[in-house]
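Reader: I'd like to learn how to read a structure like this one. Could you walk me through it?

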Amino acid sequence: MADPSEAARATQPRAGARNAARVRTGEERLSELERALQAARIGTFDWDTDEDRLVFSGSAAELFGAEGSLPGKPAELLHRVHPADRAPAFQAVNRALHEAGRSFAHVEYRVQGDDGALRWLRAEGRILRSADGRPRRMVGTLCDVSERKALESQLLRSQRMESV
């Protein structure tokens, strides 16, 4: 009769190979997801509110029009937001973080890219809270809504012209 420990060792390399294949598959899935988000022009963010640290997906920098990576602190990122939109965007996020029971934040604002072009972004974030209700993290998406904003502006101009 074979030693049971030898049989167990004999199957370990195969189990290890299966686990490695699962890890590779997981990494491939993440890579596919990142490519899909880039194709849809959607970026992601993860804001650790305790550490005041932001982490962005690679496509988020492109949405901001940044030539390099984005800063890891919200205060450092604020300079990219159009001056007229800074206070309203900050207030909307702050209100969402501090209203009891609120779990989502939505805000639209203009950003100026390194190339000087203005873009409209929409941020959608889910607020994750501790057991005592304190905001701990906000995770979410960024999407370029510049086309929609341009069409809305055209529609408003058209409606004003019709009313004259």
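Author: Let's go through the sheet, the helices and the salt bridges in turn. Keep in mind that this is a predicted model.

Reader: Where do I start with the sheet: what is the order of the strands?

Author: For a sheet, you follow which strand pairs with which. Here 5 strands form an open sheet in the order E2-E1-E5-E4-E3, with antiparallel pairing. Strand E2 (53–56) and E3 are at the edges with a single partner strand each, so one side of each has no neighbour in the sheet. On average, neighbouring strands are turned by 25° against each other, ignoring direction.

Reader: How many bridges join E1 to strand E5?

Author: There are 7 of them between E1 and E5 (residues 135–144), and the two run antiparallel. If you want a spot to look at, find Gly43, which stands opposite Leu142 in E5.

Reader: Now the helices. Which strands does helix H4 lie across?

Author: For this, look at contacts and then at direction. Helix H4 (residues 83–98) lies across E1, E3, strand E4 (118–129) and E5, and runs at about 165° to E3. H5 packs on the sheet too, touching E3, E4 and E5, with its direction at about 120° to that of E4.

Reader: And how many salt bridges are there?

Author: You look for a side-chain nitrogen of Lys or Arg within 4 Å of a carboxyl oxygen of Asp or Glu. By that rule the count is 16. One of them joins Glu62 and Arg41, with the closest N and O atoms 3.3 Å apart. Glu62 is in helix H2 (residues 58–64) and Arg41 in the loop between helix H1 (4–39) and strand E1 (42–48), so this pair ties together parts 21 residues apart in sequence. Glu62 is partly exposed at 45% relative accessible area, and Arg41 is partly exposed at 35%.

Reader: Is Asp48 buried or exposed?

Author: Buried means under 20% relative accessible area, so Asp48 counts as buried at 17%. Its salt-bridge partner is Arg53, with the closest N and O atoms 3.3 Å apart. Arg53 counts as partly exposed, at 42%.

Methods: Residues numbered from 1 in each chain as written. Predicted model: local features only at pLDDT ≥ 70, side-chain atom pairs only at ≥ 80, totals over all residues. Heavy atoms only, no water. Helix = DSSP H or I, 4+ residues; strand = E, 2+ residues; numbered from the N terminus. Buried < 20%, exposed > 50% of the residue type's maximum accessible area, 1.4 Å probe, protein only. Pairing = 2+ DSSP bridges. Axes fitted to C-alpha atoms, helices over the stretch in contact; angles between N-to-C directions. Contact = heavy atoms within 4.5 Å.
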